[in-house]
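Colleague: I have not looked at this one before. Can you walk me through it?

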Amino acid sequence: MRPLNLLISISAIVLCCSQVAKTERELYEIERIFSPCKKSSPDFDGCIKRAFNKMRSFFKVGIPEMGVAPFDPHYAKEIRQARAINGIGYTLTLNDVFERGWSQSTVTKYKTDWENQRIVYSQYFPEKWLNGDYEFKGDAFGLGVLRSGRWNMTLRDYSQTTRIKRNGTGVDVHVEVDHIGDMEIHVGNLLRGNGILGTYLQRMLDRLINVSWKPGFAVIRPLINDLVSTAFTDIWSKSFNNFPLDNFIRD
C-alpha cells in the first residue's frame with residue numbers, strides 16, 4: 001500500500017473510532033442525566049425539569065446520532081400571521097427567521113399530564129434574539145399597504161409557557177408569553193424613506209415603537225406567541241419527536 005493511501009486509511013479509522021467514542025460518551029451522559037427520573041416517583045416532574053436544564057450544552061451542537069438537530073440558533077424558512085379586526089386586515093410574512101437564546105434558557109416549571117399525553121412547562125430567557133426579513137400587506141378602509149424589509153427583535157427578562165400535546169404521530173404546540181421585562185424592535189423600510197431625512201424619520205419611528213411597546217403589548221403579544229409557537233413546533237418536529245426518551249427513563 002502506498003504511503004498516501006495508508007495515511008488516508010489510518011485517518012479514516014481514527015475518525016471512525018473517534019466518532020464512536022463521541023457517540024458512546026453522549027449516550028452515557030444522557031443516560032446519566034435521565035437515570036434518576038422514575039415515572040412512578042412523586043418527584044418525576046422535578047427530575048425531568050432538572051434533566052432538561054442539564055441538556056442545554058447539546059442545544060447548539062445537537063445529537064445527530066439520535067436525530068436531534070442543533071437549534072440555537074433556530075432557523076425558520078417562513079412564519080405567517082393573518083388577522084382581521086373590525087374590517088382592518090393584514091398579512092405578515094416573516095422569512096429566513098433566526099432565533100437565538102435557547103442555550104441560555106432555564107426550565108422553571110414542568111408538569112406531565114399522562115392521561116391526556118400532554119406536558120406543560122415554563123421557561124425563562126435572560127435574552128432572546130430574533131431577526132429576519134418581513135413582508136406586510138395591510139388593508140384599512142380600502143387603502144392597501146405593502147412594505148418589506150429587514151427586522152430584528154430583542155426580548156429581555158423573558159418567560160414563556162409551552163404546552164405540547166400528542167396528535168397522532170405529531171404534536172400540537174402552543175407557546176404563551178408570560179412576561180417581558182424589556183424589548184427592542186427595529187423594522188426597516190416602514191417609511192420607505194431615502195437619504196438623511198428618511199434615516200432620521202426611521203430612527204424616530206424606532207424610538208417611538210420601543211418607548212410605546214408596553215401600552216401596545218396586547219397587539220404585539222399574539223405576534224410573539226405565533227413566532228415562538230411556530231419555532232418550537234419546528235424544533236420539536238426536527239429534533240425531539242423521535243428522541244428515544246423511554247430508553248433513558250425507567251418505571
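Modeller: What follows goes from the overall layout to a few single residues.

Modeller: Keep in mind that this is a predicted model.

Colleague: Fine. How many helices and strands does the chain come to?

Modeller: The chain has four helices and six strands. Starting at the N terminus, the order is α-α-β-β-β-β-β-β-α-α.

Colleague: What share of the residues is buried?

Modeller: Of the 251 residues in the chain, 35% are buried.

Colleague: How many residues are in the largest nonpolar core?

Modeller: It has 45 residues. Among those with the most contacts inside this core are M55, L94, W151 and I224. L155 belongs to that group as well, together with M153 and Y158.

Colleague: You mentioned L155. What does L155 touch?

Modeller: Setting aside neighbours within four places in sequence, L155 is in contact with P126, E127, K128 and L130, and also with I180, D182, M183 and I224.

Colleague: What else does R156 pair with?

Modeller: R156 also forms a salt bridge with E184, where the closest N and O atoms are 3.2 Å apart. Because E184 lies in strand 6 and R156 in strand 5, this pair ties together parts that are 28 residues apart in sequence. Salt bridges that share partners join R156, D182, E184 and E127 into one network.

Colleague: How exposed are R156, D182 and E184?

Modeller: R156 is partly exposed, at 24% relative accessibility. D182 is partly exposed at 32%, and E184 is partly exposed at 38%.

Colleague: Different topic. How many disulfides does the count come to?

Modeller: The count comes to one disulfide. It joins C37 to C47, with an S to S distance of 2.1 Å. C37 is in the loop between helix 1 (3–34) and helix 2 (44–54), while C47 is in helix 2, so the pair links distant parts of the chain, ten residues apart.

Colleague: Is that bond left-handed or right-handed?

Modeller: The disulfide is left-handed, because the torsion about the S-S bond of C37 and C47 is about -85°.

Colleague: Are C37 and C47 buried or exposed?

Modeller: C37 and C47 are both buried.

Colleague: Now strand 3. Where is T112, and what does T112 touch?

Modeller: T112 is found in strand 3. Leaving out residues up to four places away in sequence, T112 touches F44, D45, R118 and I119. With D45 there is a polar contact of 2.8 Å between the side chains.

Colleague: Why does T112 count as buried?

Modeller: T112 counts as buried because its relative accessibility is 10%, and buried means under 20%.

Colleague: R118 is on that contact list. What does R118 form a salt bridge with?

Modeller: The side chain of R118 meets that of D113 in a salt bridge, 3.3 Å from N to O. R118 is partly exposed, with a relative accessible area of 32%.

Colleague: Last one, K109. Where is the place of K109?

Modeller: K109 is in strand 3, which covers residues 106–113.

Colleague: Why does K109 count as exposed?

Modeller: K109 counts as exposed because its relative accessibility is 58%, and exposed means over 50%.

Colleague: And what does K109 touch?

Modeller: Not counting residues up to four places away in sequence, K109 touches K49, V120, Y121 and S122. K109 and Y121 are twelve residues apart in sequence, and their C-alpha atoms are 5.2 Å apart in space.

How values were computed:
Residues numbered from 1 in each chain as written. Predicted model: local features only at pLDDT ≥ 70, side-chain atom pairs only at ≥ 80, totals over all residues. Heavy atoms only, no water. Helix = DSSP H or I, 4+ residues; strand = E, 2+ residues; numbered from the N terminus. Buried < 20%, exposed > 50% of the residue type's maximum accessible area, 1.4 Å probe, protein only. Contact = heavy atoms within 4.5 Å. Polar contact = N/O pair within 3.5 Å; in protein donor to acceptor, adjacent residues only side chain to side chain. Disulfide = S-S within 2.5 Å. Salt bridge = Lys/Arg side-chain N within 4 Å of Asp/Glu carboxyl O. Core = buried A, V, L, I, M, F, W, Y, C linked by side-chain atoms within 4.5 Å.
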